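Please look through the sequence and the three-dimensional structure shown below before reading on.

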Amino acid sequence: GKANWEKHCTKCHGANGKGVAKIATSLKLEPALLDMTKATTVAKTDADLVKTIEEGKNKMPGYKKDNKLCCWEMAQVVGYMHTLQPKAPAPAPAPAK
């Protein structure tokens, strides 16, 4: 997943997944739309994320078209993206009785 992330995603989403402000400005997008580490993106299912990669969204092209990435490569990109996202906080301990 990392190799395809670096090849296809870092230009806009950055190596760290937080987005590239200069690209957001040039595309006339809110920088938050390029941030793959924000809570709303972290909350999406893997299927939703793969669908976005397949079909594209806003100004992002779809990667299924012209066989740029196959389904398992898209799933690997999503898996790699998860390594860039913040880890969920540990659940609070149950109160003592």
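This is a predicted model: local features need pLDDT of at least 70, side-chain atom pairs count only at pLDDT 80 or more; totals for chains, interfaces and linings use all residues.

Residues are numbered from 1 along each chain as its sequence is written, and side-chain values use heavy atoms, with hydrogens and water left out.

In soluble globular proteins, nonpolar side chains tend to be buried together. Here, buried means under 20% relative accessible area, exposed means over 50%, and partly exposed lies in between (1.4 Å probe, protein chains only). A nonpolar core is a set of buried Ala, Val, Leu, Ile, Met, Phe, Trp, Tyr and Cys residues joined through side-chain atoms within 4.5 Å. The largest such core has 13 residues, and those with the most contacts inside it include Trp-5, Ile-53 and Met-74. Two or more residues each come from helix 1 (2-13), helix 4 (46-55) and helix 5 (71-84); helices are DSSP runs (H or I, at least four residues), numbered from the N terminus. Helix 5 gives the largest share, five residues.

Helix 1 buries Asn-4, Trp-5, Cys-9 and His-13. These residues lie on the same side of helix 1 because they cover an arc of only 85 degrees around the axis, the arc being that of the directions from the helix axis to the C-beta atoms. The face turned away from the buried side of helix 1 carries the exposed residues Ala-3, Lys-7 and Lys-11. Helix 5 is among the parts that cover the buried residues of helix 1. Just after helix 1, Gly-14 has a positive phi of about 80 degrees.

In helix 4, the buried residues are Leu-49, Val-50 and Ile-53. Their arc around the axis is only 100 degrees, so they share the same side of helix 4. Exposed Ala-47 and Glu-55 are carried on the face turned away from that buried side. The cover over the buried residues of helix 4 includes helix 3 (39-42) and helix 5. Gly-56, which follows helix 4, has a positive phi near 85 degrees.

Cys-70 is partly exposed, at 27% relative accessible area, and Cys-71 is exposed, at 55%.

Technical notes: Contact means heavy atoms within 4.5 Å.
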